[in-house]
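Hi,

Here is the structure I said I would pass on. Have a look at it first, and my notes follow below.

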Amino acid sequence: AEIFVVRGWIAEDPVRRDGRLRILVRVERVRRQGSWTRCPGTVRVTVRDPEEKLRVAFGERLELPLRLREPRNFGNPGGFDYRTSLEADGIHLLGNLKSWRLAQRLPQAGGWRLLRLVHRLRSRLTQRLATAFHGNQEAISLRFLAEILVGARDGGNEDLDRVMKRTGVYHIVSISGLHFALLMAFTAAFARRLPGRGILELPLLFLAGGFYLLLSGAEDPI
């Protein structure tokens with residue numbers, strides 16, 4: 001298959017699962033047959049990295065030699081529409097990177113600076129959780145807290161997913177109105193204890209709500 005050299009920046013937090021790293025790349029330019037062409041779009045890239053040698057984060061710019069393909073469905077009656085699901089997220093191509101050693105970092109960063117700071121904070125919070133809940137016995141607690149607090153879905157746990165779906169409580173780990181309402185309630189209660197007869201309540205609600213919206217990934221439910 002033909003190799004395309006892609007330049008772009010990482011548009012979501014990378015996800016590791018089963019020895020593979022998956023990153024979402026917002027494409028800037030593509031080199032094909034020796035010439036660069038501006039080609040805006042989004043590619044989901046997968047690379048084998050069982051030893052976690054490739055450390056990348058939101059906003060980093062990379063140059064990647066990729067084998068590109070269109071996502072396809074298996075065609076089973078009533079099966080999951082994988083292609084439409086990816087297109088709904090703006091992903092029209094899948095890329096495979098042969099080795100993590102082929103990834104080249106580029107100067108400058110992509111995306112808004114505020115979002116880069118928020119994603120950096122999310123990463124630090126999940127690292128703190130990983131330090132507190134280390135080992136296989138605490139893996140489920142780590143994953144549950146990371147999802148329910150900051151919306152981090154790095155890798156996931158299929159056994160826990162299956163149990164929560166079967167018992168009808170899977171919505172607990174999906175950050176939505178319940179989480180937001182609790183945050184607003186605590187923020188309002190705190191603001192009313194400050195001097196000024198609640199004059200700071202509304203500004204604090206806007207700041208806390210807006211910040212948590214960015215921190216949790218700004219998903220549709222929230």
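**What I found**

Leu 121 is partly exposed, with a relative accessible area of 31%. Bear in mind that this is a predicted model. You'll find Leu 121 in helix α2, which covers residues 113-132. Together with Leu 125 and Phe 211, Leu 121 makes a nonpolar surface patch of about 230 Å².

Now for the inside. In soluble globular proteins, nonpolar side chains tend to be buried together. Here the largest nonpolar core has 18 residues, and Ile 23, Val 45, Val 56, Leu 64, Leu 66 and Leu 97 are those with the most contacts inside it. Two or more residues of this core come from each of β1 (3-10), β3 (20-32), β4 (35-48) and β5 (60-69). The biggest giver is β3, with five residues.

Leaving aside neighbours within four places in sequence, Ile 23 is in contact with Pro 14, Val 43, Arg 44, Val 45, Val 56, Leu 62 and Leu 64. There is also a second, separate core of eight residues, among them Val 118, Val 150, Ala 152 and Ile 175.

Then there is the strand pairing. Strand β6 (residues 93-97) runs parallel to β4, and five bridges join the two; Val 47 stands opposite Leu 97 of β6. With β5, β6 pairs in the antiparallel sense over three bridges, and there Arg 67 stands opposite Asn 96 of β6.

Cheers

Terms used
Residues numbered from 1 in each chain as written. Predicted model: local features only at pLDDT ≥ 70, side-chain atom pairs only at ≥ 80, totals over all residues. Heavy atoms only, no water. Patch = residues over 30% accessible without salt bridge, like charges linked within 9 Å, V, L, I, M, F, W, Y side chains within 5 Å. Areas by Shrake-Rupley, 256 points an atom, 1.4 Å probe, with all protein chains shown as cover. Salt bridge = Lys/Arg side-chain N within 4 Å of Asp/Glu carboxyl O. Helix = DSSP H or I, 4+ residues; strand = E, 2+ residues; numbered from the N terminus. Buried < 20%, exposed > 50% of the residue type's maximum accessible area, 1.4 Å probe, protein only. Core = buried A, V, L, I, M, F, W, Y, C linked by side-chain atoms within 4.5 Å. Contact = heavy atoms within 4.5 Å. Pairing = 2+ DSSP bridges.
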